[in-house]
Amino acid sequence: MEAIASAAPAKDASIGRRVALLMRNSKGFPIPLAVAMVAPLLIGLAVAFVQPVGQLLATSLWHPDFTLVEYQRIGATPLYFRIIARTFLLATTVTVAALLLGYPVALFLARLSGWRLTVATACIMLPLWTSVLVRSYSWIVILQRNGLLNTFLQWLGVINAPLPLLYNELAVVVAMTHVLLPYMILPIWAALRAMPRDLPLAAESLGANGPRVFWHVVLPLSMPGVASGTLMVFILALGFYVTPALVGGPRTLMLATLIGQQTIELLNWPFAGALAAVLLVTTLVLVAAFNRFLGLDKKAAS
Amino acid sequence: MSLASLRDRLSIIEPIRGGAVSIDAVVKHYGSQTAVAGVNLEIEPGEFVALLGPSGSGKTTLLMMIAGFEQASEGAVRIDGADVSWMPPHRRNIGMVFQKYALFPHMTLIENVAFPLRMRGHTATERKRDAAAALRLVGLDGMERRLPGQLSGGQQQRVALARAIVYRPPVLLMDEPLGALDKKLRERMQIEIKRLQASLGATVIFVTHDQDEALTMADRIAVMNHGKIEQVGTPIDLYERPANVFVASFIGETNLLEAIIVGAEESAWVLRLVNGSVVRATPAAASTPVPANGKTVKMAIRPERIVLREPGEGLVRGTVGEVIYAGSSLIYFIQIGDAGSLTVRVPVQSIGPRPSRGDTVFLSWDAVNALAY
């Protein structure tokens, strides 16, 4: 009896140790505490995102019996196919424009330090803190019939009558590129800043001139930043609602705007659900393909 | 790696014709700061020169000006007589090894080493052959397809070395290349780099703040402080005949004592220490005129050049403070009255007294080993 009594606490201790070990993940952080800390976010996401989106998608397939009629409607109507194609084309154009405009800015930022860096960072971040609505309206002010650009061009004498600059695809591309540019600049800048300063110097000492240092060293090492920037801008552009709705015209209807119309104006929820499903699936497929393609580069750079 | 295997591998690469580097009255300002304050240095082809100094002494700035990453505010840098002061780095044909290796993380080892050859327009076949030979030279054959991230620090530095010599540059610059390695590996790499340089024949300019490294590797050392060269000389010159108090205390250990001139002999000055002992010391520069009696000078003596004596035999009387056993030697801290404390290093195997803490001892030294400034 005594032997058993004395062995029991020892066994308890070892169980306690095992529980303590189980409670900790590899970084020594208790798992229950971690769960408790993410729980509010998870619950919020479940209630405000997963459930409504799930319900919307479900509505497109069951109302009340299972049907594919909404999807057949999308497939059978050339207009809807054109809108989807236009959405992806616009998103691609905006992404490419943001990359071409954003990369040089990121490169320039990466060379700054001290107060210049502070000022430049503020210039990049400030638009992010400004409402998308305000930024889109500012483009209306610039591009409208009697807007800044038309007035200026007429004053210069380049044109006689105002150009139709607003309510077309070009206006959408310009405004969306402007709005989404910070999402391209920031990750590229981060990648460039993480690159050791020695590397371009080494390349130079080994006989590479400026353009070749960029092409062989700086550009490949900034690819992870380019990848995340591109992905972020592309995904945001695909679902962009405010800017195309404001500066785009009836002939530049995009998918998000169409979904908005179906839900708010026509109250055709099943069809909106089907459109949302098409957008979601296509985006996921593209992102997966993109990740697979650029994931290899990322591995090489690390 | 053994010397024999190094010789075998060295046959892979033909010797390099070393370049002469001439630094002519070079000054570098950064705004109101002066990083390099007028440096002259002539480096012979094939010479191994170390730029040694504390941080902020201007040694790295000087190296960056030779590499072309910085432009001199005044003066000129010449390589084989040609002024390269305004030539961009990529046209100088100089090899450079960085402290943090600076290997391109997205390229395999062979691509890293072939990079300078690619920039020089060599064919793919040449590149592959020469880069593989350079990797073999540093003992990394078989690892051509690895990425730098998969290597240890020492291996990465070997790759950096291979990359810097594969195009056979006449001048090789090294910026604290062993600073990031642990002590054992650092000492092995010192010998290896020295042998490699001696066999290849390239001129090497090597920046370090580690005096042991400079003494081990360099043919000549330029000791820098506050943007100026304090002394240039062989390791023996610097250790035995430091030109000034800075060099004496920077290279190796040294005891510095204040003393007053009380006379002069043929090759030595007669000094009186603060505690009253009269000793002899050699003037650091033979040409220096004897200062007037009563003038204060500094006397420098190395710890291992002081001899412990039986009472009555020595010149200077002192009291033993701490005694430290350092393996091959014993280190005594000896208080000599008001004149200060002297560190004395005595080989464990030597004969003579073995005083302990609190004992009275007598010290003496050869006048040639004590230098007066």
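Predicted model: local features only at pLDDT ≥ 70, side-chain atom pairs only at ≥ 80, totals over all residues.
The domain assignment places domain 1 at residues 3–246 of chain B and domain 2 at residues 253–372. Taken over C-alpha atoms, the centres of these two domains of chain B are separated by 40 Å.

Chain B as a whole has 373 residues, of which 40% count as buried. Its secondary structure comprises 9 helices and 20 strands. Along the principal axes, the C-alpha atoms of chain B fill a box of roughly 80 × 45 × 35 Å. Contacts in chain B between residues at least 6 apart in sequence were also examined by separation. Of these, 67% join residues at least 24 apart.

An open sheet in chain B is built from 5 strands. Their order is 15-19-16-17-18, and the pairing is antiparallel. Strand 15 (307–309) and strand 18 (341–347) of chain B form the edges, each pairing on one side only. From one strand to the next, the twist averages 50°. Strand 18 of chain B is joined by 7 bridges to strand 17, which spans residues 329–335 of chain B. These two strands run antiparallel. Across from Ile331(B) stands Arg345(B), a residue of strand 18 of chain B.

The largest nonpolar core contains 114 residues. Those with the most contacts inside this core include Val113(B), Leu135(B), Ala162(B) and Leu173(B). Ile205(B), Phe206(B) and Val223(B) also belong to that group. Leaving aside residues up to four places away in sequence, Ala162(B) touches Val113(B), Ala134(B), Leu135(B), Leu137(B) and Val138(B). Another core, of 46 residues, lies apart from the largest one. Among its members are Met254(A), Ala256(A), Phe271(A) and Val278(A).

Trp139(A) is found in helix 6 of chain A, which covers residues 132–143. Trp139(A) counts as buried because 23 other C-beta atoms lie within 10 Å. Not counting residues up to four places away in sequence, Trp139(A) touches Ala171(A), Val174(A), Ala175(A) and Val247(A). Val172(A) is 33 residues from Trp139(A) along the chain, and their C-alpha atoms are separated by 9.5 Å. Ala245(A) lies in helix 11 of chain A, at residues 242–247. Ala245(A) has 17 C-beta neighbours inside 10 Å and therefore counts as partly exposed. Between the C-alpha atoms of Ala245(A) and His178(A), 67 residues apart along the chain, the separation is 15 Å.

The contact between chain A and chain B takes 18 residues from chain A and 18 residues from chain B. On the side of chain A that touches chain B, the elements giving two or more residues are helix 9 (198–205), helix 10 (210–238) and helix 13 (269–301) of chain A. Helix 9 of chain A gives the most to this side, with 6 residues. By class, the residues of chain A on this side divide into 11 nonpolar, 4 polar and 3 charged.

Definitions and conventions. Residues numbered from 1 in each chain as written. Chains lettered and ligands numbered in written order. Contact = placed C-beta atoms within 7 Å. Helix = DSSP H or I, 4+ residues; strand = E, 2+ residues; numbered from the N terminus. Nonpolar A, V, L, I, M, F, W, Y, C, P; charged D, E, K, R; others polar. Buried ≥ 20, exposed ≤ 12 C-beta atoms within 10 Å, placed from the backbone. Core = buried A, V, L, I, M, F, W, Y, C linked by C-beta atoms within 7 Å. Pairing = 2+ DSSP bridges. Axes fitted to C-alpha atoms, helices over the stretch in contact; angles between N-to-C directions. Domains from an automatic or database assignment.
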